[in-house]
Structure formats: C-alpha cells, structure tokens
Amino acid sequence: MRTEAATLPGSPERPNEDWAAAALPASGLGGTLVVLDGVTPPSGDDGCVHGVPWFTARLGGALTELSASRRDLTLSEILSRAIRRTADVHRNTCDLSHPRTPQATVALARWDDLTVEHLVLSDAALLLRSPDGAVRAVLDDRLDRIPADVRRSVAATDRLRNQEGGFFTAAADPAVSARALTGTTPRTEVRALAGLTDGATRWVDRFGAGDWADLFGVLEKEGVRALLDRVRVLEAADAESAAPRGGKPHDDATAVYVRLG
C-alpha cells in the first residue's frame, strides 16, 4: 500500500485552510483518507473567534480518529459525531448559528479487505480507480447548480448555505451528515483512490487540461505535487491572459493519493 499527499496555499498572505490525512492500521488490512477544504468567508463577522484553519484541523482530526477506530459506525455517523465534537469545543465562545460560522467541504474514504466506503459533501472530490484503469469521480454538484450571479452575492449565498434547495457543508449542525453523498464499492473493484480539494480539481473543471482519468494518471506517474504544480502554471497563465476567468486567481490546493495494491 502506498500513500502520498501534498498541499499548497493559495496565497502566502493567508493561512492554508485545507486539511488532509491518511491513516493505515498496523494490521495492514485497511485505512482511511480525509480531505477537507475550509470555506473562506467573505470579509466581516462570521461569529467565531478561532478561524477556518482552527476549525478544519479539529474537524479533520476528529474524522481521522473516528473513521480509523470506529468500524461499527457508518461514515455518515462519523461525520455527524465529528461535527458535534468540534462544535462542542467552541459553542461557548462563538455564535455557531451564524451562516458563515467556520465550515468545510469533505471527502472521506475508508477501506478494509472487503469494501471501500466513501462520503463526499460539497465540492471536494473523491476519485476511485478500478483495476482496469477506469476512474469514477464522486462529486457533489449542488453548489455548481447555483447560478454564478447568485453566488457572487454574499447575502444570497448565505440564504442558500446549508438550506434545502441550496448547498451543504460541514459546519456546526451534525444533521448535515445526512446530506452527504455516500456509497460502498467492493474492494476488488478499487485499485487506488484520491481525495482532492477544488483547488486541485481546477486542472479538470476550471482549465480543462484533461478528464478525471487523465488527472489520475498524473497522480500515478508524476505524483501529487506535480498535479498541484501543473495547476499553479495554469493559474498563472490565466491571470496573464487577455480574458482571465475571474474568481480566485489561486486557491489552496490539496491532493491525497492511496494505492491499495
């Protein structure tokens, strides 16, 4: 079994809000992968004294510990407990009812010698590669369904955040775990997997440099850091073009690759 991870901040002036981990048990029969993308709030009050990196570190740590140690719980139950555990740490100091309270997107996977379980919430991505080379992308596209002009409005986005008809992230409400995309795949049908934040998936969904199978090929042949470097080159070229795409010129980018055998 082989694991590899890399992350790059979107700006040297801001802390990296992504978080990632891969844990392998001593038995060698399974493991877990966790990738979080902290949601950068617009300027202004978010009701919390801690900040997004603080939140993703605690939520990520709880997800890693629970997914590795509690095989009796489903991934949805693990996400629910991790959200509650994190909220309990700062509910006495922060306004967790604020719509922009620290939150994150989630890609979570757990495997043993029989199955590979997955959970995805919001625009983090999980890729599963089969032994024949086919790549399946598990994607939560609810945020993409919201028109760009609506997403440019802070007030409009707040009204849709963690609401029916909008999009969902891991924030302070454990019930959001029921909104995640989940599934199970036989272990024999998964040769490798990868978790990515949307700063890394830009290679496909923003710049169209290849499809998901092509991206997975970069991870396998060149490594995860090579993918992130490729994204940075494309971002720099776009920023210097006559018609840049808009949005963040650079974003925190994280990728974790696991080859199961």
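**Exercise 1. Arg 129 in its setting**

In which strand is Arg 129 found? Describe its burial and its contacts.

*Solution.* Begin with the ground rules. This is a predicted model, in which local features need pLDDT of at least 70, side-chain atom pairs count only at pLDDT 80 or more, and totals for chains, interfaces and linings use all residues. Residues are numbered from 1 along each chain as its sequence is written, and side-chain values use heavy atoms, with hydrogens and water left out.

Step 1: locate the residue. Arg 129 is found in strand β6. Strands (E, at least two residues) and helices (H or I, at least four) are DSSP runs, numbered from the N terminus.

Step 2: check burial. Arg 129 has a relative accessible area of 17%, so Arg 129 is buried. Buried means under 20% relative accessible area, exposed over 50%, and partly exposed in between, with a 1.4 Å probe and protein chains only.

Step 3: list contacts (heavy atoms within 4.5 Å). Neighbours within four places in sequence are left aside; the contacts of Arg 129 then include Glu 189, Arg 191, Phe 216 and Glu 220.

**Exercise 2. The partners of β9**

Find the strands that pair with β9, and state how β9 is covered.

*Solution.* Step 1: apply the pairing rule. Two strands pair if DSSP finds at least two bridges between them.

Step 1: take β6. Strand β6 (residues 125–129) pairs antiparallel with β9 over five bridges. Leu 128 stands opposite Leu 193 in β9.

Step 2: take β10. Strand β10 (residues 253–259) runs antiparallel to β9, joined by five bridges. Here Ala 194 stands opposite Tyr 257.

Step 3: inspect the faces. In β9 (residues 192–196), five of five residues are buried. Ala 192, Ala 194 and Leu 196 lie on one side, with Leu 193 and Gly 195 on the other.

**Exercise 3. α5 against α6**

Describe how α5 packs with α6, by geometry and by residue class.

*Solution.* Step 1: take the axes. Those of α5 (residues 198–205) and α6 (residues 212–222) come within 9 Å and cross at roughly 125 degrees. That makes α5 oblique to α6. Under 35 degrees counts as roughly parallel, over 145 as roughly antiparallel, 65 to 115 as roughly perpendicular, and the rest as oblique.

Step 1: name the residues. Among them, Trp 203 and Val 204 in α5 meet residues of α6 that include Trp 212 and Leu 215.

Step 2: sort by class. The contact has six nonpolar, one polar and two charged residues. Ala, Val, Leu, Ile, Met, Phe, Trp, Tyr, Cys and Pro count as nonpolar; Asp, Glu, Lys and Arg count as charged; the others, Gly among them, count as polar.

How values were computed:
Axes are lines fitted to C-alpha atoms, for helices over the stretch in contact, and angles run from 0 to 180 degrees between N-to-C directions.
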